[in-house]
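Thank you all for coming.

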Amino acid sequence: MTDNEIYALPYRPCVGIMICNRNGGIWAGQRLDGPTGAWQMPQGGVEENEEPEAAALRELEEETGIRPCDVTVVASTEDWIPYELPHHLIPKLWNGRYRGQKQKWFLMQFTGDDETINIETKEPEFSEWAWLPADKLLDAIVPFKRDTYERVIREFQAKVA
């Protein structure tokens, strides 16, 4: 694809979830389909006619096994935050229909027990998970998502319990 073709593509509507535990750790999972060290917070697409908060709760349970009754939604980002995929990935993801994603992020407080977290879901995305401090999370993610994660953490920082 040429640069012009890529820049003409839309962003995929998506939600992201920054879920924190009682100790201020942020949930992150090691992606199954990425290189070693490719960690991320839960995220996923918004289905047609689905409200972003409903999508966030659905994606959270689909990816982590965390049920909506085990979280409290604390806040959401004011704006949708876009990120660009590296050009070599565009033809490999979503049939080359998107240049990246625009994400509405939600801050959630985890009120459940760690034993209820189950990444062995119907369609697993993660090989392992951990509660990470913000600086360690930023060191562990893929570089093309770093600016987005920095913005989300900065926006939610004052609201984290």
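Let me start with contact, which here means heavy atoms within 4.5 Å. What we are looking at is a predicted model, in which local features need pLDDT of at least 70 and side-chain atom pairs count only at pLDDT 80 or more, while totals for chains, interfaces and linings use all residues. Residues are numbered from 1 along each chain as its sequence is written, and side-chain values use heavy atoms, with hydrogens and water left out.

With that term in hand, please find Thr-64, which belongs to helix H2, residues 52-64; helices (H or I, at least four residues) and strands (E, at least two) are DSSP runs, numbered from the N terminus. Leaving aside residues up to four places away in sequence, Thr-64 touches Trp-27, Pro-42, Ile-117, Asn-118, Ile-119 and Thr-121. Is Thr-64 buried or exposed? Its relative accessible area is 0%, so Thr-64 is buried, where buried means under 20% relative accessible area, exposed over 50%, and partly exposed in between, with a 1.4 Å probe and protein chains only.

Let us turn to the nonpolar cores, a core being a set of buried Ala, Val, Leu, Ile, Met, Phe, Trp, Tyr and Cys residues joined through side-chain atoms within 4.5 Å. The largest one has 19 residues, and the members that touch the most others are Met-18, Ile-26, Met-41, Trp-105, Leu-137, Tyr-149 and Phe-156. At least two residues of this core come from each of strands S1, S2 and S7 and helices H3 and H4, and H4 gives the most, with four residues. Another core lies apart from it and has 17 residues, including Ala-56, Leu-57, Ile-66 and Phe-110.

Finally, how many salt bridges does a search of the whole structure find? The search finds nine, a salt bridge being a side-chain nitrogen of Lys or Arg within 4 Å of a carboxyl oxygen of Asp or Glu. In one of them, Arg-151 meets Asp-79 at 3.9 Å, N to O, and this pair links distant parts of the chain, since Arg-151 is in helix H4 and Asp-79 in the loop between strands S5 and S6, 72 residues apart. Arg-67 also forms a salt bridge, with Asp-70, where the closest N and O atoms are 2.8 Å apart; of these two, Arg-67 is partly exposed at 37%, whereas Asp-70 is buried at 9%.
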